[in-house]
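Notebook open, model loaded. I want to go from the overall surface down to the ring contacts.

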Amino acid sequence: ADEPDEPDEPDEPTIAIGHLSLRVRDLEASVRFYLSVGMVEAHPRGENMAILGLRGGTHLLLFRARRP
């Protein structure tokens, strides 16, 4: 049987996530929170969305929820 590829480093995951999206009630507060825990703004912020970067090229896409 084929075995899955082993990670290069013992703590390296065997899968990766490229993008994660969340709908949030308060876009500005959410951006402030994620910036405070070490994320960075990866692209200029729009009126209804923000794109934040994590290590390794993963992006968190925050969308303003349509309903409060």
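I'm working on a predicted model, so side-chain atom pairs count only at pLDDT 80 or more.

Surface. I looked up the total, and the accessible surface of the protein comes to about 5800 Å². Carbon and sulfur atoms hold 52% of that area.

Burial. How much of the protein is buried? Of its 68 residues, 19% are buried, with under 20% relative accessible area as the cut-off.

Fold. I went through the secondary structure and got 1 helix and 4 strands. Reading from the N terminus, the order is β-α-β-β-β.

Contacts. I took contacts between residues at least 6 apart in sequence, and 39% of these join residues at least 24 apart.

Rings. How many aromatic pairs are there? The partners are Phe33 and Tyr34, with 5.0 Å centre to centre and 75 degrees between the planes. Why edge-to-face rather than stacked? The planes are 75 degrees apart, and anything over 60 counts as edge-to-face.

Phe33 has a relative accessible area of 46%, so I logged Phe33 as partly exposed. Tyr34 comes out at 21%, which is partly exposed too, because buried would need a value under 20%.

Charge over ring. Which ring does the charged end of Arg23 sit over? It is the ring of Phe63, with the charged end 5.8 Å from the ring centre. The distance cut-off for this is within 6 Å.

How values were computed: Residues numbered from 1 in each chain as written. Predicted model: local features only at pLDDT ≥ 70, side-chain atom pairs only at ≥ 80, totals over all residues. Heavy atoms only, no water. Phe/Tyr/Trp six-rings, centres within 6.5 Å; stacked < 30°, edge-to-face > 60°. Buried < 20%, exposed > 50% of the residue type's maximum accessible area, 1.4 Å probe, protein only. Lys NZ or Arg CZ within 6 Å of the ring centre and 35° of its normal. Helix = DSSP H or I, 4+ residues; strand = E, 2+ residues; numbered from the N terminus. Contact = heavy atoms within 4.5 Å. Areas by Shrake-Rupley, 256 points an atom, 1.4 Å probe, with all protein chains shown as cover.
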